[in-house]
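Biologist: Please show the structure, so that a few of its local features can be discussed.

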Amino acid sequence: MSEEQSGFRAKVQKFGSYLSGMIMPNIGAFIAWGIITALFIPDGWWPNEDLAGLVDPMILYLLPLLIGFTGGRMVYDIRGGVVGATATMGVIVGADAPMFLGAMLMGPLAAYLMKKFDRVFQHRIRQGFEMLYNNFSAGILAAIMAIIALKAIGPIVSGLNAALAAGVEVIVNAGLLPLANIIIEPAKILFLNNAINHGILTPLGADQASEIGKSILFLMEANPGPGLGILLAFAIFGKGVSKASAPGAAIIQFLGGIHEIYFPYVLMKPMLILAAIGGGVTGVFTLQLFDAGLRAAASPGSIFAVLAMTASDSYIGVILSVVLATAVSFTIAAIILKSSKSDDDGDLSASTEKMEAMKGKESSVAGSLKGNQNNENNPGEVNDQDVVPETPVKDASQVDKIIFACDAGMGSSAMGASLLKNKFKKSDINIDVTNKAINEIPEDADIVITQKTLTNRAKAKLPTAEHISVENFLNSPKYDELVERLKNK
């Protein structure tokens with residue numbers, strides 16, 4: 001790949017990561033809204049007029065404000081979040097529809113202007129006047145941005161929202177929505193799964209669901225069927241490591257909702273992208289045929305989350321969409337695997353590394369495939385590699401907080417933190433262990449644990465901490481070394 005292509009891909013990844021980063025931390029609120037909607041609206045499971053009164057305020061005010069706050073915080077910490085949320089209020093009041101797009105614009109924009117304003121004036125403030133400046137500068141800028149958003153930005157975003165909604169409706173009415181999976185499935189496997197689902201489809205789907213009670217858009221990327229079909233084909237027709245690991249991967253993907261675990265299998269045999277596309281197109285076509293959809297985002301893309309968010313009139317369509325997507329992707333993948341002339345099933349480890357390189361980050365779940373294969377071929381070999389100069393090792397008496405950090409601060413880092421907590425509990429070590437997004441590493445962290453591709457970023461964020469770099473969060477001997485060092489604290 002040329003440097004220009006690599007640079008463009010990195011920019012797209014960064015932009016997509018930023019979009020999804022505003023939505024993903026707030027998925028719990030989206031799910032809460034979906035549950036309340038599914039239960040208490042007039043055509044819900046248990047209609048209740050009083051409780052249904054929560055639905056509109058949540059979709060119109062709470063969710064956009066959370067997005068605006070999160071976007072602002074990503075740019076300029078809490079100060080940026082407060083200003084971003086206040087500015088977002090302007091686009092909310094200036095429109096009748098849910099302003100997710102407006103929040104994703106105004107939150108970061110207001111925080112960016114606050115950051116620039118502080119750089120110009122903050123160092124000029126006399127001692128003793130810092131609090132006065134901080135409060136009034138943020139208040140004045142937030143008020144100005146809210147007014148601008150109400151009078152100027154709100155109408156523009158409303159028009160853009162209407163245009164996007166009309167475009168989706170035209171595509172749906174023309175029966176062309178399934179063809180979107182020709183783009184979605186390859187982009188999902190290559191590097192943009194979270195950006196597509198949470199950065200684009202979730203806001204549009206929530207807008208649609210607020211009007212008609214459900215949306216097909218929530219299941220276009222999150223359908224676990226295509227990935228399950230591919231993994232089942234490997235479990236039956238694969239060879240070697242891929243055949244042995246596929247059943248476990250299928251359980252993680254289908255029940256746990258971690259779709260990225262099947263990406264290396266596709267990259268190992270790129271023709272399998274046809275299986276993913278076939279399954280995706282079939283799933284969306286089935287949803288269209290039965291006019292089925294979800295109430296809110298299913299995150300992670302587990303069958304449990306999908307069924308929990310399914311609209312009351314859509315269970316047949318949703319279940320069939322998963323089953324048929326699985327069947328089609330399995331059939332295509334089986335044909336490709338059986339017709340393969342290669343005696344070897346490819347290098348799953350190399351495919352995992354390729355996926356991680358394209359995504360620009362390591363995956364602890366898919367990384368376990370790499371780790372298992374490497375350990376099988378080289379028993380006893382340690383995979384961890386430090387990519388930064390060693391940081392000073394802190395004495396046990398200096399360690400009160402350990403942070404696991406990854407891009408989103410959710411999936412992989414949460415699993416690593418849970419693993420270390422269990423080791424600490426067994427060794428009677430009383431040290432706080434938690435997980436954060438790499439941009440939110442707290443200043444009082446004593447040890448920061450990251451996957452090797454992110455260690456440089458973590459060190460730049462908090463150079464005073466001890467930094468430990470691991471190959472993957474689920475399989476590192478450094479945890480036991482840390483336990484031995486800290487158990488006498």
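Biologist: In which loop is Asp-428 found?

Modeller: This is a predicted model, in which local features need pLDDT of at least 70, side-chain atom pairs count only at pLDDT 80 or more, and totals for chains, interfaces and linings use all residues. Residues are numbered from 1 along each chain as its sequence is written, and side-chain values use heavy atoms, leaving out hydrogens and water. With helices (H or I, at least four residues) and strands (E, at least two) taken as DSSP runs numbered from the N terminus, Asp-428 is found in the loop between α16 (411-426) and β2 (432-437).

Biologist: Is Asp-428 buried or exposed?

Modeller: Buried means under 20% relative accessible area, exposed over 50%, and partly exposed in between (1.4 Å probe, protein chains only). Because its relative accessibility is 71%, Asp-428 counts as exposed.

Biologist: What is the phi of Asp-428?

Modeller: Most residues other than glycine have a negative phi. Asp-428, a residue other than glycine, has a positive value, near 60°.

Biologist: Which residue forms a salt bridge with Arg-485?

Modeller: A salt bridge is a side-chain nitrogen of Lys or Arg within 4 Å of a carboxyl oxygen of Asp or Glu. For Arg-485 the closest N and O atoms are 2.7 Å apart, and the partner is Glu-466.

Biologist: How many residues apart in sequence are the parts that Arg-485 and Glu-466 tie together?

Modeller: Arg-485 lies in helix α18 and Glu-466 in strand β4 (residues 466-470). The pair therefore ties together parts whose separation in sequence is 19 residues.
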